[in-house]
Amino acid sequence: MTKRTEKTTHTKPAKRPATIRAAAARIPKVASAKLAEARPPANRAEKSAERRAAIVEAAMDEFIARGFAATRLDDVAKRAGVAKGTLYLYFKDKESMFEELIRTALVPLISRMTALPTITGPVRDAVEGFAETFIREVVSTRRGDIIRLIVSEGPRFPAIADFYFREVVSKGLTGMKALVQLAITRGEIKHRELGEFPQLVVAPAIVAVIWQSLFARHAPLDGLAMFKIHLDLIFGERRQT
C-alpha cells in the first residue's frame, strides 16, 4: 500500500498595486497638517500689526496736513484704507492715536540718545554727538513735524503735552543733566549753576525745530553749526591743534 504524499503549497501575498502606493505617498502626514494649522494665527497677527502700522502712518499724514484739532477719524480711516470702526479695534480715540505716534517715532530715539556708554573722552564730544543725532534724525524729518504739532497745539490739548513730557522730554533732560554734572565735576564747565538748567544746553535744538517749519524758506539755518557755537559759550572755545 502506497502512501500518497500531499504537497502543501504556500501562496504569496499579492503585491500592492503601484497606484495604491503612490496614493498613500500623497496622503499628508499628521505633523504637516498641524504645521499648516499653526500658520494662520501667525498670519493674522502679522496682518493685524501691518494694519495697525498703516493706521498710525495715515494718522501721521493727517495730523501733519491738518493739525491735531482739525483731523477727523473718518479721514484717517479713509487714508489707511479701513473702515472707521476698525480704528477702534486699535485705538480708543484720537489722543491715543497721537500718543502712539510719539511712542513709535520719538521714544525709541530718545532712549537711544540717552543710553550713553561710559564717557572716557571730553564730555563736550558726547553733547555734540547728542546734537548731531537730534539735528539729523529730528529737525528735518517727520519727527520734527510731530514736535512742532505738540508745540502749537499742546496748550489746547494738555494730555498730549503731558504724555510727550513724560515719555520724551523728561528722559532727555535727565540724560543731559547727567552730562552737564559730569562736565562740571571734571572742570569742563565753569558755571556750576548750569547743572540746574539743562534746558539751556538743548535750547538750540528746539530753536532749530521751530525755525525749520516757519522761516527756513526765507533764511536756511545750519542747526548743527549753531549748536557748536552755543557749546563754545558753555564749554569754552575748542583749542586749535
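Me: How do the axes of H5 and H8 cross, and within what distance?
Reply: Helix H5 (residues 94-105) and helix H8 (residues 142-153) have axes that come within 11 Å and cross at roughly 135°. That makes H5 oblique to H8, oblique being what is left after under 35 degrees (roughly parallel), over 145 (roughly antiparallel) and 65 to 115 (roughly perpendicular). This is a predicted model, where local features need pLDDT of at least 70, side-chain atom pairs count only at pLDDT 80 or more, and totals for chains, interfaces and linings use all residues. Residues are numbered from 1 along each chain as its sequence is written, and side-chain values use heavy atoms, with hydrogens and water left out.

Me: Which residues make the contact?
Reply: On H5, Phe98, Leu101, Ile102 and Ala105; on H8, Arg143, Ile146, Leu149 and Ile150. Contact means heavy atoms within 4.5 Å.

Me: Switching to H6. Which residues are buried there?
Reply: In helix H6 (residues 107-114) they are Val107, Leu109, Ile110 and Met113. Buried means under 20% relative accessible area (1.4 Å probe, protein chains only).

Me: What do they pack against?
Reply: H5, helix H7 (123-139), H8 and helix H9 (158-185).

Me: And Glu100, buried or exposed?
Reply: Glu100 is buried, at a relative accessible area of 10%. It sits in helix H5.

Me: What is Glu100 in contact with, leaving aside neighbours within four places in sequence?
Reply: Arg52, Val56 and Phe91.

Methods
Axes are lines fitted to C-alpha atoms, for helices over the stretch in contact, and angles run from 0 to 180 degrees between N-to-C directions. Helices (H or I, at least four residues) and strands (E, at least two) are DSSP runs, numbered from the N terminus. Buried means under 20% relative accessible area, exposed over 50%, partly exposed in between (1.4 Å probe, protein chains only).
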